[in-house]
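Me: Hi! I have a protein model open and would like to talk it through. Can you help me read it?

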Amino acid sequence: APLPAALLEDQAAGPGPRPARPRSPPRLDDDSGFPSLGGPEAKGASDPELEAIAARNAAVCRTLEASLPPASTVSDVRKLCAGLQGGRLTATAFYEAFSRVVGGPEACRELLPQVAALLPDREKREALARIYAQEHL
């Protein structure tokens, strides 16, 4: 079975040519520096590309808020994403922790593609795609 497209696509992918040079990802010193999953930098974007990313992030945050077990928060997921992006977590460690935070393998199967698509680093998305394929396909 093919991998979900959301695991492999760029966060700003859309029709037409790609920009010549992608924007640098934000600093990831803590979860507030990660614009994906509702961080402050994702809000109030003025450029259409950033507005599309912010809208996508907001939609995933709403999905997470509605889906997470009572003991977990979107902030927990945001911290995991920041750890992965910052190199403090491997893709495997992220997957295992994410699965626990979201409530197990079935929830992980549904939510991971949405969250992974928001990661600005293609290599990290691809690493998660490989793990997702091993675990769920």
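Me: Thanks! What share of the contacts between residues at least 6 apart in sequence join residues at least 24 apart?
Reply: That share is 64%, where contact means heavy atoms within 4.5 Å. This is a predicted model: local features need pLDDT of at least 70, side-chain atom pairs count only at pLDDT 80 or more, and totals for chains, interfaces and linings use all residues. Residues are numbered from 1 along each chain as its sequence is written, and side-chain values use heavy atoms, leaving out hydrogens and water.

Me: How many helices and strands does the protein have?
Reply: There are six helices and zero strands, taken as DSSP runs numbered from the N terminus (helices H or I, at least four residues; strands E, at least two).

Me: Which residues touch the most other members of the largest nonpolar core?
Reply: Among them are Phe94, Phe98 and Leu112, in a core of 27 residues. Such a core is a set of buried Ala, Val, Leu, Ile, Met, Phe, Trp, Tyr and Cys residues joined through side-chain atoms within 4.5 Å. Buried means under 20% relative accessible area, with exposed over 50% and partly exposed in between (1.4 Å probe, protein chains only).

Me: And which helix gives the most to this core?
Reply: H4 does, with seven residues.

Me: New topic: how many aromatic pairs are there?
Reply: One. The rings of Phe94 and Phe98 have centres 5.6 Å apart and planes at 15°, so the pair is stacked. Rings of Phe, Tyr and Trp (its six-membered ring) pair with centres within 6.5 Å; planes under 30 degrees apart are stacked, over 60 edge-to-face, the rest tilted.

Me: Is Phe98 buried or exposed?
Reply: Phe98 is buried, at 0% relative accessible area.
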